[in-house]
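Let's take a friendly walk through this model together. Have the sequence and the coordinates open as you read.

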Amino acid sequence: MKELLERRLLWVGGKGGVGKTTIAASMAVLAARRGKRVLVVSTDPAHSLGDVFDRELGDTPRRLLPNLDAMEIDPDREVEAHLARVIAQMRRFAAPEMMGELERQMQLTRQSPGVQEAALLERLSRLITDRDVDHDLIIFDTAPTGHTLRLLTLPEAMAAWTDGLLAHNRKSEELGKVLSHLTPKRGQDIDTPFDDPQEDPLSDLDARTRDVAETLIERRRLFHRARRRIENANETSFLFVMTPERLPILETTRAVAALEAAHIPVAGTLVNRVIPEDADGEFLRARREQEAGYLARIDDELGHLPRPRLPWLPSDVQGLETLESLADLLEARGF
């Protein structure tokens, strides 16, 4: 599992409450200790990364240790920024008398399904694709599994939405030409329909139509670049954190299958909070017997992946000193 910290992007996910934030933070400490310039990012609306580090975190990176920065992305703030960009774009094309109603409609979208995920994806995509960012490794402390799967599969949904939008709004042969260039070309060995260097799909368009089309195409390019990075096993790994209990096993098994089907590289699962062998008492003995069955089930259902285990600790994990100790445990288990 040492190769996890050699990647460019590491996603740490799993069911809520299994300790993924603690694992993401301790892995960041371990990587920074090895000389990596690390940024650990929380995308979970219910932020706890700052609580684990026992530091106040915000929307911009804060230095916590030499080589280690951390930040918590605020999804509501991302929605506001996203809507502000859309409204600014509309001002360039809409008649002045229409802007009042258009702005009212845009404000109503704040609580629409998918708006937060779309805004968050755009922010993450820029982090993922920015080659100038001053970090060797970005660790994402993600929201619970279902949210993560929506986040990682949203580029396809956004691409389909963009195609539909263009299809239903083309009012001229010129815009129809743009739509034809947004369709993958048969027989051409290119990654996306936007990568063909021989053609300019926006040539011969009037300035206004060209500006709208360029905005849509550039957003799709961003999502496609991010998705290719996520799919690249040389750059990206996904680590699931789970506990030896029924519901986390069920959810993790389904999530691993879904990510593998989507060609997302899953590096392994970390089984957290395993009852230590030296824990005594009748209650813990009974729990250990039940836990043994769950551990066997994990081995059976996820046997194709590495499955290191961490013991259940006697106290909560909070603060850099405790995270350093947890980093030692991770290192002892091959990370």
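## Model and confidence

This is a predicted model, in which local features need pLDDT of at least 70 and side-chain atom pairs count only at pLDDT 80 or more, while totals for chains, interfaces and linings use all residues. Residues are numbered from 1 along each chain as its sequence is written, and side-chain values use heavy atoms, with hydrogens and water left out.

The mean pLDDT (the predictor's confidence in each residue, from 0 to 100) is 82, and 80% of residues reach 70 or more. Residues 185-198 have pLDDT below 50, yet this stretch has 21 contacts in the model beyond near neighbours in sequence; a contact means heavy atoms within 4.5 Å. Where pLDDT is low, the predicted coordinates should not be read in detail.

## Two nonpolar cores

A nonpolar core is a set of buried Ala, Val, Leu, Ile, Met, Phe, Trp, Tyr and Cys residues joined through side-chain atoms within 4.5 Å. Buried means under 20% relative accessible area, exposed over 50%, and partly exposed in between, with a 1.4 Å probe and protein chains only. The largest core has 39 residues, of which Met 27, Phe 53 and Ile 139 touch the most other members. Helix α1 (residues 20-33) gives the most to this core, nine residues. Helices (H or I, at least four residues) and strands (E, at least two) are DSSP runs, numbered from the N terminus.

Beyond its neighbours within four places in sequence, Ile 139 has contacts that include Leu 10, Val 12, Ala 24, Met 27 and Val 41. A second, separate core of 31 residues includes Ile 73, Phe 140, Phe 238 and Val 256.

Buried residues in α3 include Pro 75, Val 79, Leu 83 and Ile 87.

Ala 255 sits in helix α9 (residues 246-261) and counts as buried because its relative accessibility is 2%. Leaving aside neighbours within four places in sequence, Ala 255 contacts Thr 145, Leu 149 and Phe 240.

## Two loop residues with positive phi

Asp 54, in the loop between α2 (49-53) and β3 (62-65), has phi near 60°. Asn 67 lies between β3 and β4 (68-72), with phi near 75°.
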